[in-house]
Amino acid sequence: MAARSVGLLTRLPLCSQRPAQVPRPAFRLLSCPGTVAADVRSEEQPPDCRKAGSEDKAPKKRFSEVQKERREQAQRTVLIHCPSKISEKKFLKYLSQHGPINNHFFYESFGLYAVVEFCQKDSINSLKNETHTPCLDTEAVIPFKSRFFNLKLKHQSNRISEPLCTQSSSQSPPSSKKLFELLNYAESMDDQLNTLLKAFQLTEENIKLRYLTCSLIEDIAAAYFPSCVVWPFGSSVNSFGKLGCDLDMFLDLDEIEKCDVHKNVGNFLMEFQVKNVPSGRIATQKILSVIGECLDHFGPGCVGVQKILNARCPLVRFSHQASGFQCDLTTNNRIALKSSELLYIYGSLDSRVRALVFSLRFWARAHSLTSSIPGAWITNFSLTVMVIFFLQRRSPPILPTLDSLKSLADAEDRCVIEGSNCTFIQDLNKIKPSGNTETLELLLKEFFEYFGNFSFNKNSINIRQGKEQNKPDSSPLHIQNPFEPSLNISKNVSQSQLQKLVDLARESAWILQQEDRHQPSPSSKRPWGLTTLLIPTAGSKFLPKKKRKKPVSERVKSLLESIKDNSPESSTNTDGKTAMS
């Protein structure tokens, strides 16, 4: 289920004078006049949207470095539920008495919230020491002291006569109408694909809120498992997440084992007394069951908690009401985290990868090829792997194969998880960039032509080797799991859904072949380029018209009239033979 819309109001860097984050069309920075965010214009282009083939020369961070930096940042951050009308200046002055503030922003989700990042972690302890547990006359409270606070005004002087901002904006992609307007006014198809990416990609504020939510859940789990870590994985961190996507969390208990360094002191070795269970799966179920109970009973803002423990991968599902995210918490799922790192690397190697994936995902959703409901549809992950495979097949290749990334790995990169070799190079700066300079427009057309004529009946998709292979089973669509080769990540896809994918790919390729290469006049308001592919019924006015069947009632009526007309009295040919209808 998509997350509830979250509206950003203002974001002001205080401790370090960094430039304001460039806003996206779907997520405008709204602030009071005179603030830094007030001067930012939504028309500016973020650094992620570069021209095809042009790559940032700045050193790229490893996935693990980004994860650790974001987590450390989240540990210095608090979430505060604020009154609807509040003096921002007095609010910041009040918090600054506990220590310098690095940056902050406001957003809306079931009320007004502030995300405040301090420069030191000790500032949070100082704030906690002055925070009171509420006293209610009619209800009892559970005195769980987290970094999620509620601010109340003691004096009306702290109120302002007008709302904090002149209007509210939701942290969600633009409407279809607004998106089509943006795409129609683009200068080229490449510009269209980058515009769609700009409109749907996660914002800096949204990413911070996701890591903060994980950090708040980590605080709850740490009551039972000190030194545990809750990592976000999947779309939230693999660079392919869109606004409104779910938040997948991984409870990492292996961090505890890393802290348990065995020190040989004399002739003794001390161990903890622990409970024993028959299998790792049962241990996972028991751990998640307890954490689920804690979230349900003690977790501020955690609602709708469901313990889905008998699934192939046991999980706890809940909604974090304050952030608006739909969350899935799992443990013992390190391969999923490694898959997120692999996609992060592929998305960071070439600026065209993310733009192509975002556009194709939107195309697939517009034609109901993908769905948020589990079923026989192709998943976003499978579609992303298909794009990666296609880019590996270009000449010269735009993306390296997984085996190539493995060959570049050193001893530090070695990783084996539950018997599966998940080794690949982690340092993006050691991967040679591609010399391919094909445009996004050409790649989009070639993608449709490639998979519109792909031999799905006999070949499988394998990004480890980057080549077609004989299909090992009878599944309609076979996409080999990158780290577990015996598994098919698209086993759920039915033959009818695969045929629908092929038909739509051929239709889209045909539409793009008929399209004028130049942008029509904006006044004509005629869809062009990428826009024509995102309209579910777009193909009907471009493809040759087929003879439509009459409604059943009309066909039955015609049949009866035909039988009547061809009765023996009125249907005898000149040669005396009776005609049959």
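Author: One definition before we start. Two strands pair if DSSP finds at least two bridges between them. The model is predicted.

Reader: Which residue of strand 4 does phenylalanine 106 stand opposite?

Author: Strand 3 covers residues 101-108, and strand 4 covers residues 112-118. The two pair in the antiparallel sense over 7 bridges. In strand 4, the residue opposite phenylalanine 106 is alanine 114.

Reader: Strand 3 and strand 4 form a hairpin. Which residue in the turn has a positive phi?

Author: The hairpin leaves 3 residues between the two strands.

Reader: How many bridges pair strand 2 with strand 4?

Author: Strand 2 spans residues 77-82. Threonine 77 stands opposite glutamate 117 in strand 4. The sense is antiparallel, and the number of bridges is 6.

Reader: How many residues of strand 4 are buried?

Author: Take the faces one by one. On one side, Leu112, Ala114, Val116 and Phe118 are buried. On the other, Tyr113, Val115 and Glu117 are buried too. The count for strand 4 is 7 of 7.

Reader: Which residues touch the most other members of the largest nonpolar core?

Author: That core holds 87 residues. Leucine 356 is in contact with Leu193, Val387, Phe390, Leu391, Leu440, Leu443 and Leu444, leaving aside its neighbours within four places in sequence. Another core, of 32 residues, lies apart, with Tyr107 and Tyr113 among them. In the largest core, those touching the most other members are Leu356, Trp363, Leu444 and Phe448.

Notes:
Residues numbered from 1 in each chain as written. Predicted model: local features only at pLDDT ≥ 70, side-chain atom pairs only at ≥ 80, totals over all residues. Heavy atoms only, no water. Buried < 20%, exposed > 50% of the residue type's maximum accessible area, 1.4 Å probe, protein only. Helix = DSSP H or I, 4+ residues; strand = E, 2+ residues; numbered from the N terminus. Core = buried A, V, L, I, M, F, W, Y, C linked by side-chain atoms within 4.5 Å. Contact = heavy atoms within 4.5 Å.
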